[in-house]
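Subject: A structure for you to look at

Hello,

I am passing on a structure that you have not seen before.

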Amino acid sequence: MTENSLDTAGRQAAAEAAGGDPAAAASLASGTSTPAEDPGRSTVAGRPPGTGGRPPRPTLGRRAAAFADSLWRPALVLAVVFAAWWFVAAQEYVPNYLVPTPAQVWETMTGQWSELARHTLVTLYETVLGFVLAAALGLATAVAIAYSRTLDKALYPIVLFAQVIPKIAIAPLLVVWFGLGLTPKIILAVLIAFFPVVISGVAGLRSTDPELLDLAATMGAGPWRTFRKIRFPNALPHLMAGLKVAVTLAVVGAVVGEFVGASEGLGYVLLLANGNLDAPLLFADLILMSAIGIVLFVLVEIAEALLIPWHASRRAGVSLTTS
């Protein structure tokens with residue numbers, strides 16, 4: 001089986017998943033254009049003629065406008081929440097030792113920035129390393145489950161059993177086994193982030209069109225080439241969704257590990273602030289935790305946009321209704 005033939009089969013699967021138009025998918029796979037009833041209209045609804053069924057690449061101005069349009073709504077919600085927080089704290093409807101004012105939180109964050117930055121870097125390192133390990137192990141497990149019925153029956157119950165165990169319950173055991181260093185925190189981040197990667201990976205690998213797999217086998221493609229050209233690209237939308245969930249859960253795992261036994265990290269700072277009833281430090285710590293999760297989520301979102309720009313979820317202007 002030639003490389004070009006399998007690439008064509010992979011492009012056909014992507015086109016069918018993205019456009020949902022069998023004629024356009026066949027046209028894309030064969031490299032020819034589908035004749036239209038009206039020469040002045042596009043072969044694919046909503047797309048200009050002469051583009052081969054592909055949407056036009058947005059200009060820099062359109063990308064900036066789309067980015068601004070995606071930001072103003074959450075910015076408005078955050079502004080409303082911030083205004084409500086400021087009003088409640090300023091009027092002291094709740095005592096300031098319980099709900100500090102935004103000015104107090106800002107003063108604490110700027111006054112202790114060097115110390116908070118050091119603890120933030122520790123938690124960030126634990127989160128990133130745990131997420132990377134969870135992604136690698138989760139994808140390998142998903143491939144094993146998807147390709148082997150024996151491993152599916154053997155591993156899937158174990159993965160589910162490991163997920164339902166409360167991680168905070170096994171954190172002290174990990175501290176006893178591995179000490180107070182970074183290892184227990186990283187292991188907890190892996191355990192919490194592992195399950196979404198496995199589930200999404202298995203769902204994606206099993207969602208490949210069986211007829212496309214039969215076509216690849218008929219043309220002489222081996223298991224590795226079929227995986228690389230068809231199965232894995234087709235599974236990427238599901239896998240990226242699982243990774244976006246996993247990267248936020250990895251933050252939770254790192255912080256939970258720091259709760260049990262640590263001398264640094266944002267979880268350690270949270271325990272100190274809670275013990276000293278230092279509400280401004282507590283709020284500042286929570287904001288930094290949220291910032292880590294948001295930044296990592298955005299990075300995975302960018303990776304998704306680069307890896308699967310052909311998918312319907314990544315194209316602007318795609319209608320989600322039939323009307």
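Residues are numbered from 1 along each chain as its sequence is written, and side-chain values use heavy atoms, without hydrogens or water. This is a predicted model: local features need pLDDT of at least 70, side-chain atom pairs count only at pLDDT 80 or more, and totals for chains, interfaces and linings use all residues.

The structure has seven aromatic pairs (rings of Phe, Tyr and Trp, its six-membered ring, with centres within 6.5 Å; planes under 30 degrees apart are stacked, over 60 edge-to-face, the rest tilted). One of them joins Trp85 and Phe283, stacked at 5.6 Å centre to centre with 25° between the planes. Trp85 belongs to helix α3 (residues 60-90) and Phe283 to helix α12 (residues 279-307), so this pair ties together parts 198 residues apart in sequence. Helices here are DSSP runs (H or I, at least four residues), numbered from the N terminus.

Another pair, Trp177 and Phe178, is edge-to-face, with 6.5 Å between centres and 80° between planes. Trp177 is exposed at 58% relative accessible area, while Phe178 is partly exposed at 42% (buried is under 20%, exposed over 50%, partly exposed in between; 1.4 Å probe, protein chains only).

Tyr147, Trp224, Phe227 and Phe232 make up one aromatic cluster.

An unreviewed UniProt entry lists "transmembrane region" for several spans, including residues 128-147 and 154-180; such annotations may be inferred rather than shown by experiment, and positions follow the numbering used here, with feature names shortened. In the model, residues 128-147 are 100% helix.

Best wishes

Note on methods
Helix = DSSP H or I, 4+ residues; strand = E, 2+ residues; numbered from the N terminus.
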